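Please read the points below with the model open beside them. They are meant as a colleague's notes on selected side chains.

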Number of protein chains: 2
Amino acid sequence: MAPPSHCHTINGGAPRNGAIAVETPATLLLDADEFRRLGHQVVDFIADYYAGLGDYPVHPSVTPGFLRCQLPTDAPSRPEPEAFAAALRDVRDLILPGMTHWQSPRHFTHFPASSSTVGALGEALAAGINVVPFTWAASPAATELEMVVVDWLGRALNFPESLLFAGGGGGTILGTSCEAILCALVAARDRKLAEIGGRRIGDLVVYCSDQTHFAFRKAARIAGILRDHCREIPTYRDDMFALSPTALQAAMQADVDAGLVPLFLCATVGTTQTTAVDPVRELCAVAARHGGVWVHVDAAYAGSALVCPEFRDVIAGAEAVDSLSMNAHKWLLANNDCCAMWVRSSSALVAALGTEQEYILKDSAAEGHDVVDYKDWGTTLTRRFRALKVWLVLRCYGVEGLREHVRSHVRMAAAFEAMVRGDARFEVVAPRRFALVCFRLRSPERLGGEKAANELNRKLLEEVNAASSGPYMSSAMVGSVYMLRCAIGSTLTEERHVREAWNVVQVQATSILCKRG
Amino acid sequence: MAPPSHCHTINGGAPRNGAIAVETPATLLLDADEFRRLGHQVVDFIADYYAGLGDYPVHPSVTPGFLRCQLPTDAPSRPEPEAFAAALRDVRDLILPGMTHWQSPRHFTHFPASSSTVGALGEALAAGINVVPFTWAASPAATELEMVVVDWLGRALNFPESLLFAGGGGGTILGTSCEAILCALVAARDRKLAEIGGRRIGDLVVYCSDQTHFAFRKAARIAGILRDHCREIPTYRDDMFALSPTALQAAMQADVDAGLVPLFLCATVGTTQTTAVDPVRELCAVAARHGGVWVHVDAAYAGSALVCPEFRDVIAGAEAVDSLSMNAHKWLLANNDCCAMWVRSSSALVAALGTEQEYILKDSAAEGHDVVDYKDWGTTLTRRFRALKVWLVLRCYGVEGLREHVRSHVRMAAAFEAMVRGDARFEVVAPRRFALVCFRLRSPERLGGEKAANELNRKLLEEVNAASSGPYMSSAMVGSVYMLRCAIGSTLTEERHVREAWNVVQVQATSILCKRG
């Protein structure tokens, strides 16, 4: 993967290892005045970026190697004069033109990377303060703010009191849903193995649907669950792609009959492909019948919507879950990364992930108190002060502000859905619940069968995404049906962007259907 | 863990769920002018913090609950007027006084959280750009910059070419060493299980020394290695606490004889307790004798020192390792979090951690190219654009600047060591190699035996850390010997802080020895 040798390199030359040592007084590396000078440049740089974001193509027209080609093979030995300003120019001229702009108002791909002024500045502030709150003593205020914030957030999302610190449970802020699911799974695994013996790890079975995000299978692999012990239960369009409690019961019973041990269910509220909602209450009831199977709810995307009372039915029955996670970086204005996880009982987490070492400094002030050491709640010891940005977002936008934010995207998605339904050539393939619309050119029989219809829709997505000034969407393949996904949720998206996106889809569809004759 | 009900809450009241919806136009949430206005406030806030950092007590005098007590139990329904400025005031008045200030020049605890103007602003810039570079297509420039930066960094640290992209290996930038070790371990595990069958996971054994960081045991637990299959091989003061290849060979052979399968060795270059260095070349030779045991080198702390040629002997023989990781957030001016990991062959990583899903958008430009999708190199799908700050740090300080940075701390540690050696009451317990000094009040026989000596030194650390304007140190317990750790590495630390720290130690020692009579 070396850059081609003919590549022309710019901005920096070969390292000058023979050069005399640079004198860089420590104070200059973290000097208040220098920080102020460069910091204001960065703020203006980002502000200018936001001001021009609507003008960038959402994704770049580049081929692999385009950037590596343009950069030297070695770090500079000594900085060039005014290196920071020069680097910012390179960010503008070399790097930004090669980015996919997740904050673009025309970014409708995957799920959005939710962002806000306060979210971005919360990250900046945390980076400036630069603490490592892995124990209470290692930064008491950071740990306590995290405890406060997960309760604030859990209450704002109407989660059961049993998942909050105030109700005997508790939460933490991790980076991603992958981490959250892995933590819950390892806690469940070790609790079960303590009961049946560690050598029976090969007997453990985990459950999800064929719609569950790959994050769960990744977590199961990492945790050492045999690959063929991950049951992906099929879902159907008639059930709106939700996991069927009856099918789950049958799968668990079959495993029990085969001498295996049901361990863990990952239910999803708002799947990635179509925002399907698994019936939490009924699934928990099935899990309870099989020796306390741990139930985790992955609400990575739709968790944010629960800030609005009108969506809360989707999580009915959550009192019975063992753990739950959602990504505030997906739709709740907290910049990447920010996954909040709650558990009903932290003891299983701490038993599986806890550490106790002399070199981890304790604080005599904590003696006799039941303090939370967050290193024991996650997969890592080092961690960032993510609570700060979440606290700032809640504080500065307020719960009502977040509601309005979510509702504005839901309204736009409803408008997009109405436009799809208004064009007889199209169909909405999966019910729209939140702010994702799954649609396709309809009538496979007319288009030459399901397979040909899929190819045609694949072509349509390619053409929609090809226009550099157009929208950027992604796809799903559910029950052998290929569909386009228009996920509305970028903070800057306005109704006009949605109308324009639909217009591009229509124009490209006309062109494709025309060529087909 | 609910806050006591008598707690007085400030800054916000109960949520007003009945309030009318706030109109927050999307543009205001990410408006360029608003970002500029608030962003400049944040920059000034951080600059002021840096200017006053030397005046803060390194760690606060607070008891658990102090902050939770002062915050409302619910997020505000609607923001107060000028909420952001009010929140910044609370950060200053409520949160910062409750922090442990890792960037204080008197922070000598654990290992430092290395920071710099450019590191902090690199984080801020990445947060502002807010992309999710989980595949090449999801942000081509972010992936390519990461590939360039790990090669830059690997070369600056003189790592073998075989670990760089340019030499057929490659690297990635994760958050923490815990993640890096877990990735390597899971890759090794799945490679081995593919050979011997997945059900033999209970036969796998992993190796480290009794000095290896708990991160490794945590990773082994998460990966499903049986807890009693983690061999912590004892080390001795005569070997400078390094892992003995002879002892490793004996342990592996004993496991093979017992029908078990040696899987993985985690060697350390620069242990947490005493910065001991395991002999990489000799350990790799032992590992090679046992069917390709995967060797990972954890150079979390000392990896940064390899930027200086005079330290490079510690990693001799690294051509034979399978993977290696170091934390640029520990001593290389990259703010938390920033762990770089390199592997000789990425195929085992991708086989273990790779994902393939329809909803992950590909880019036709990448077809036919062997692109790196970093989601397949780590435990998570969502990830941050950490490469940006590392690139900025290398670019703006240069390799020579980083050398001078490391050397300045090594010089200060040598000075501290000389002061310890100059006071007959003390001894340096473990050889100082980098910028950590391990010391204690000497002569256990005079102090009433080893146990009493340990208690006395524990008391000494307590007293040293008790002075609010004094230094903040931590401890280690190695071979039943309790010692104080003075880890020099905070960017703002100057010689005077080190002299003052030693002065506090001397004064407290005099007081303790005096009371003892």
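1. The model is predicted. Chain A is divided into two parts, domain 1 covering 31–101 and domain 2 covering 121–395. The C-alpha centres of these two domains of chain A are 36 Å apart.

2. Thr268(A). Thr268(A) belongs to strand E5 of chain A, which spans residues 261–268. With a relative accessible area of 3%, Thr268(A) is buried. Beyond its neighbours within four places in sequence, Thr268(A) is in contact with Thr212(A), Ala276(A), Val277(A), Asp278(A) and Asp298(A).

3. Tyr301(A) and Phe434(A). Over all chains, the structure holds 34 aromatic pairs. In one of them, the ring centres of Tyr301(A) and Phe434(A) are 6.2 Å apart and the planes meet at 85°, so the pair counts as edge-to-face. Tyr301(A) lies in the loop between strands E6 (294–298) and E7 (323–327) of chain A, and Phe434(A) in the loop between strands E9 (426–430) and E10 (436–441), so the pair ties together parts 133 residues apart in sequence. How accessible is Tyr301(A)? Tyr301(A) is buried because its relative accessible area is 2%, and Phe434(A) is buried too, at 0%.

4. Phe311(A) is buried, with a relative accessible area of 11%. Ring pairs link Phe111(A), Tyr301(A), Phe311(A), Trp331(A) and Phe434(A) into a cluster.

5. Charges over rings. Arg485(A) lies over the face of Phe111(A), at 5.0 Å from the ring centre; Phe111(A) is one of the residues of the cluster in the previous point.

6. Glu404(A) and Arg411(A). The count of salt bridges over all chains comes to 74. Among them, Glu404(A) is joined to Arg411(A), with 2.8 Å between the closest N and O atoms.

7. Arg231(B) and Asp255(B). In chain B, Arg231(B) forms a salt bridge with Asp255(B), with the closest N and O atoms 2.9 Å apart. The pair links distant parts of the chain, 24 residues apart: Arg231(B) is in strand E4 (residues 230–233) and Asp255(B) in helix H8 (residues 245–257). Arg231(B) is partly exposed at 23%, while Asp255(B) is buried at 6%.

8. Arg237(B) and Glu427(B). These side chains meet in a salt bridge, at 3.5 Å from N to O. Arg237(B) lies in the loop between E4 and H8 of chain B and Glu427(B) in strand E9 (residues 426–430), so placed that the pair links distant parts of the chain, 190 residues apart. Arg237(B) is partly exposed, with a relative accessibility of 39%, and Glu427(B) is buried, with a relative accessible area of 15%. In chain A, salt bridges that share partners join Glu123(A), Asp337(A), Arg384(A), Arg386(A) and Lys389(A) into one network.

Terms used: Residues numbered from 1 in each chain as written. Chains lettered and ligands numbered in written order. Predicted model: local features only at pLDDT ≥ 70, side-chain atom pairs only at ≥ 80, totals over all residues. Heavy atoms only, no water. Helix = DSSP H or I, 4+ residues; strand = E, 2+ residues; numbered from the N terminus. Buried < 20%, exposed > 50% of the residue type's maximum accessible area, 1.4 Å probe, protein only. Contact = heavy atoms within 4.5 Å. Domains from an automatic or database assignment. Phe/Tyr/Trp six-rings, centres within 6.5 Å; stacked < 30°, edge-to-face > 60°. Lys NZ or Arg CZ within 6 Å of the ring centre and 35° of its normal. Salt bridge = Lys/Arg side-chain N within 4 Å of Asp/Glu carboxyl O.
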